[in-house]
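Morning, everyone. I have one model to walk you through, and a few minutes to do it.

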Amino acid sequence: MNLHFIHANVLYFAAAGMIPIIIHLIFRKRYKKIQWAAMKFLLAAYKKNKRSLLVENLLLLLIRILIIILLVLMFARPTANESFLSKGFTRLTDHYIVLLDNSFSMSVRDGNTSPFERAKDHIRKIIKNAKSGDSVTLTTLNEQPKVIDAFHEVSPAEKGTIIQQMESIKPSEMGTDVINSTNVLLKLIESPEYTKYKNKKVFILTDLQRKPWTEACKNHGFLEVLEKIGDRTQLTMVDVGITSDPANLTVQSIETDGVIGVGGLTRFVATIRNNSSKNAEGIAVNFFVRSGEKPITKEKTGKQGTEYISISAGEQQRIPFFYNFARMGSHSITVDLTGDNLIADNEKHLIVKVVKSIRVLVIDGDGKEEAFESETDHLMAAIGQTDDNIIQAKAVGIGNLSSNTKFKDYDVIILANLQTFDDERRFEELQEFVRKGGGLFIWLGDKVPVEYYNTEFYGDGLGILPGKLDGNPIGKASDKEDKTTFKLDEVKKDHKVLKYFVNNKDLLEDFRNYFTYKFFPVKIDPDDENVSVIAAFDHPQKYPALIERIYGRGKIILSTTTADKQWNNLHSDRFGYVFLIMIHEFIQYLVSPPVDENNIFVGTPIVKKFPYYIGEDAEVTAPQKSPIKKGIYASDKGGPPYKVEYTDTLKSGVYHLKFNIPEQVMKEQEILETTELFAVNVNPEEGNIHRLSQNEILAMLDGIKISFKTNVKEKNSLMGPLSDSEYWKPILLLILLLSLMETFMAMWFGRYDK
Amino acid sequence: MEDYLKYLNPKVLNKINGLELKARLIVEGYISGLHKSPFHGFSVEFAQHREYVPGDDIRYIDWKVYGRSNRYYIKEYEEETSLTAYLLLDTSSSMQYASEGCMSKYDYACHIAASIAYLVFQQQDMVGLCTFDNKIQKVLPSSSNPAYLGDIVKTMAETSTNEKTDISEVLKYVGERLKKRGLVIIISDFMDEADNVLAGLRHLRHRKHDVVIMHVLDPDELNFPLQKLTQFEGLEDINSKVVINPRAIRNAYLEEINKFISNLKSGCVANRIDYQQITTDQNLGVALSAYLANRSGRR
C-alpha cells in the first residue's frame, strides 16, 4: 500500500481525538448536587441500567473520537495508489481517452474564447474529476493525429503533469482528418495495453466543421470504425464549435499563368474567399514578393501593393497582382489579409522560379524547303521567334541534328513526325534528359514507323512513349476528300496542363471542336499510374488524342496527330489560336516539375532530391526560427539520388534551404542557385468554419452508440495542486454517517429526550 | 402562631367550603339525635314521603300509609352521621423535597391536613392528628371543638422531618390504637416498599376504617426533568449517593416510580381505599375540591 497525505502536517491535529475524553472527564467532575427523595427508584433504575449506560457512554465516546480523527484525516487528504482503500472505497476506475481536435479551425475567435479553449476547459474538467487509479490518454485530431500522453495514471500529484501535457497541445495549422484520427483512436482501444481496462470513456472534442465531418460520415469505413469505438467504450462527442458568427476570410490560392521569365510582367491571381455568413467590406489584401537568397525575416518586407476588396458572404473574389521580376531564381510570393477571427488562413505563400527563358529544341522529322511545308513551321510560328519571348525555340531537321547539340542544354525537346535518330545513343540521351527533369513533346505523323516506336520509345512500357502505337493511323489526311473528322470528346479538365483552357470557356469549347482527320491509335496501360489521358477522340474506341507520362523528374506529352496541318485543322483561321495557346501552355507545363515539391501543405515533409552529389549538408531555416543543419544522404545503394529531408513543417510560412555545394559540382552541373525555397501553407479548406448542427451529426451517425454534449463553458484554470483528493469524499461520507449514528444513538439512549 | 396559621389559607379553604365530607361507610354516630346507628340502616332522620316509582327498593315502602290510602309511598330519611377523621401525616425526611418554585411535600401535606381538619370541624365532626416517620411521633386525640384546629396546626408546624419512613409498622400501630371506626386520611409520599404500605393499609381496613390516602409527590419525582449531570443524595439516607446523567436514566426511573404508583393504586382499589395523588405544583383547593366532589358522587 502506498499511502500519502497531501497535507501531512494536518495529521498532528489527530491528537484532537482526545478532546471528547477530556470533555468527558471535565464534565464528570462538574455536576450539581441534589438531595433526592425518591432515591430508591433512582437507585433501582441505575442498578438495572448501569452496564448498558457504561457501554452506551463508551460507544458514544468512541464515535466522537472517531469523528474527530476522521475529520483530521480528511483535511490531511490521504491518497493511495494501490490499497485496500482504493478497492474498498472507490468505484471501478475510469479510463479516459480524449481526442482533441486541434485543426486550425478550432482557434477561431468566438466571442471571448475559441473552440480550442473551450475544449481545453472541458479536458481540464475531465482531469480534475478523474480519480486516483483512473487513466488518461490524450490524442489529437488533425491530419497527423498523435498520442500525446498514453495511459497516464491519475493521482493528485500526476494531475498537474497530465494537465501540463494537455496544455502542451497547441492549435495546429493542420486541417481536420477525422478518418485518420479515429483510426488512431481505434488502434489505441484495440491495443493490448488498453484492453485490460473495462470502464472506458472516449471524448471527441471538436468544432464539428461541416466539410471534413460530412465527408467522413459518407465514408463507410469511418462509420464502421466509430461503431466499433462506440460498442467498446462510452463514446461522447463534445461539441465545442462556434456559437457566434465569426468573420473569416481565407486566401484560397495564388496562381500564376505559367513559367515566369525575367523582365516580363507576370500576373498573379489571389483568390480570397469569404467563409463567414457576413459580408466583408474594406478588406486589405497585401501582395509581397521576396527573393530566395536569404531566409525571410519576421518583418514583412517586399510589399508590392495592397488592394481593398469587399466580398459577399460565401463568395470568393479573384484579385490580380502584377510583378516584373528583374532576376532569375526562386522567389516567394505572399498574399495576406487584414486580421479576422481566424488568423491561420489569412496568409498564403507561393514559391516561383524565375527563369531567363525556356529553351526548346524542335526536331523536325519532315523538313521541307518551302515555307510552312515543314512539319514544324506552324509550330515555330506559334512559339514565336522574338528575343524577348520567354520561350526561345530552335528548330532543327533530323538530318541536321549535330552531335554538338546536347539535349541537356534545353528545357523542352519537341519531336515532330520523327522517323528515327541517326545515332542510337540519342535514345539514351533523350531518356536521361527526361529522367532528370526535361520536358518532351512528341507529335506523330506519316513518317513514324510503328514497330520502331514501340520498340525504341515504348519499350514495353519502360520507355518514354506514354502508350503503345496500336497499328496504322486511323482516318485520312486533310488533303483527302472523303476524310472523317474526329473531335475531342473526353477532356480531363482537372489536368494542370488544361488549367488555362478550363478558365476560358470559349477556348475550351474550341479546343474540343477542332477537327482531327487522322491519328495513331494508341493503347495505354491502365494500371500505369504515371500515364494519363489528357484528351480522347470521339472515336468509338475512345483513342487518346493527348497522353501524358511522368518519367523520372520529367514529363512527356504525346499527341497522336501531327504538329502540322496534315492530319488536323489546328492551323486553320478558326482554330489557329487554340494551337498557339496549346503550344505555350504545354511547353510551360512540361518545364514545371511533375510534383510541385516547393509548394506544400503544413505537415508535409520538405524533401529535395538531387541526381548528383551536392555536399554533406544543408542549412534549413524555418519561419521565425534559427537555421539548423540537415544532412544530405545518398540512396541505400550508396549513390544518387541524394536526399535532404526536413519534417518539422507544422508551421506555415516560407522555409529556406541553403546548400553548401562544392564549386566543382557547381561548375559540372551548371548550378546557378544554391538556395531552395519551400512554401508551407495551411489547407484553405480548413478555413471553411461552417459547422454541423447536433441534429445533423447525430443523423449522420445514426446507429452508433454515441452521446452528445454541447458547448461546455466551464473555465477552471487548474495548475499545480488540485482541490480534490482520492479519499476525502469517502471519509466525509463516513463522518456524516458517524455523526448521524451519534445523533441517533444519543437520542435512542435518551440523551435528547426531554 | 402566624407561622402555623399559614396552613389555613382562606383562599384554599373557601374553595372547599360548602362541600360535604362524608364517610362512605356508616360509622357509629357520636352526636346523638343527628346520627343513626349503623346498625339501623343508613338513615337517621325521617325527611318526607314520596310516591313510589318503579326501581325503588320495596323495603322502604311505608305500609301504614298504604293501609290507609291504598297508595305506595316511600319514606325518605336525611342521612347524617357522626364522623371521626384521623389525619396521619408523614414527617419523614423524604417529605422535605421541594423542586424549584414548589413548596416542600411536607408543607403541602400540612396544607392538606389543615384544610381537611377545618372542613371536618365545620360540620361538627371530630378530627385527630397523628404524625409519623418510622414510628409514631405525636398524637392529638380526636375532638370536635373547632378551637382544636389550632392545636393541630401548631403540632404540624413544630414537627421536624428527619427520619426514614416505615409506614407498615406505623399503620399497624395506629390501627390498634383507634378504638372507633372512622375516616383515616394518610398524607404521605409513601417512600416505602409498596407491599409494606399495602400491608399497613389492609390492617386499617381490617379494622373497618374508611381509609383515604393522599399521595403527595413533587412534580420532579413524577417527570424527572433534570438535565445536567447530577449527584443524587438520598434524603432519608445521606450515605446513599450516585452521580448520574439524568437524561440517561430518566426512562428507567420513570418506569420504576410508575410501577410503584401503579402497585399502590391497584392495592388501594383491591382494598376499597381511596387513592388520591397530588403533586405539589397543583392548586390545593382545586385538588381537594375535585377529590371531595368525586367522593361525594360515589356515595
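A definition to begin with: helices here are DSSP runs of H or I with at least four residues, strands are E runs of at least two, and both are numbered from the N terminus. With that in hand, take the end of α12(A). The helix is followed by G459(A), and the phi of G459(A) is positive, near 55°. Bear in mind throughout that this is a predicted model.

Let me stay on α12(A). This helix covers residues 450-458 of chain A. Which of its residues are buried? They are Y453(A), F457(A) and Y458(A). Look down the helix axis and those buried residues fall within an arc of 75°, so they line one face of α12(A). Now turn to the face pointing away from that buried side. There you find E451(A) and T455(A), both exposed. And the cover over the buried residues of α12(A)? It includes β21 of chain A, residues 468-469.

Step back to the whole of chain A. How many helices and strands does it have? There are 18 helices and 36 strands. The chain has 754 residues, and 41% of them are buried. Take the chain A contacts between residues at least 6 apart in sequence: 77% of these join residues at least 24 apart.

Next, some strands in chain A. Start with β34(A), residues 653-659. Is this strand mostly covered or mostly open? Mostly covered: 6 of its 7 residues are buried. β34(A) pairs with β31(A), residues 617-621, in the antiparallel sense, over 4 bridges. In that pairing, H656(A) is the bridge partner of T621(A). β34(A) also pairs with β35(A), residues 675-681. That pairing is antiparallel too, over 6 bridges.

Another piece of chain A is an open sheet of 3 strands. The order is β9-β11-β14, and the pairing is antiparallel. β9(A), residues 249-256, and β14(A), residues 316-324, are the edge strands, each pairing on one side only. From one strand to the next, the twist averages 25°. β11(A), residues 265-274, is joined to β14(A) by 9 bridges, running antiparallel. Across that pairing, F268(A) stands opposite F321(A).

Over to chain B, and its open sheet of 6 strands. The order is β5-β4-β3-β6-β7-β10, and the pairing is mixed. β5(B), residues 136-143, and β10(B), residues 274-279, stand at the edges with a single partner strand each, so one side of each has no neighbour in the sheet. Ignoring direction, neighbouring strands are turned by 15° against each other on average. At the β5(B) end, β4(B), residues 126-132, runs antiparallel to β5(B), with 5 bridges joining them. L129(B) stands opposite L140(B) there.

Now the contact between the chains. How many residues does each chain bring? Chain A gives 24 residues and chain B gives 29. On the chain A side, the elements giving two or more residues are β2(A), residues 32-36, and α2(A), residues 39-76. The largest share of that side comes from α2(A), with 11 residues. By class, the chain A side has 15 nonpolar, 3 polar and 6 charged residues. There is strand pairing across the chains as well. β2(A) and β8(B), residues 230-234, pair in the parallel sense over 5 bridges. I34(A) has F232(B) as its bridge partner in β8(B).

Finally, confidence. For the complex, the predictor gives an ipTM of 0.76 and a pTM of 0.57. Chain B averages a pLDDT of 75, with 80% of its residues scoring at least 70.

Technical notes: Residues are numbered from 1 along each chain as its sequence is written. Chains are lettered from A and ligands numbered from 1 in the order in which they are written. This is a predicted model: local features need pLDDT of at least 70, side-chain atom pairs count only at pLDDT 80 or more; totals for chains, interfaces and linings use all residues. Two residues are in contact if their C-beta atoms, placed from the backbone, lie within 7 Å. Ala, Val, Leu, Ile, Met, Phe, Trp, Tyr, Cys and Pro count as nonpolar, Asp, Glu, Lys and Arg as charged, and the others, Gly among them, as polar. Two strands pair if DSSP finds at least two bridges between them. Axes are lines fitted to C-alpha atoms, for helices over the stretch in contact, and angles run from 0 to 180 degrees between N-to-C directions. A residue is buried if 20 or more other C-beta atoms lie within 10 Å of its own, exposed if 12 or fewer, and partly exposed in between; C-beta atoms are placed from the backbone. The arc is that of the directions from the helix axis to the C-beta atoms. pLDDT is the predictor's confidence in each residue, from 0 to 100.
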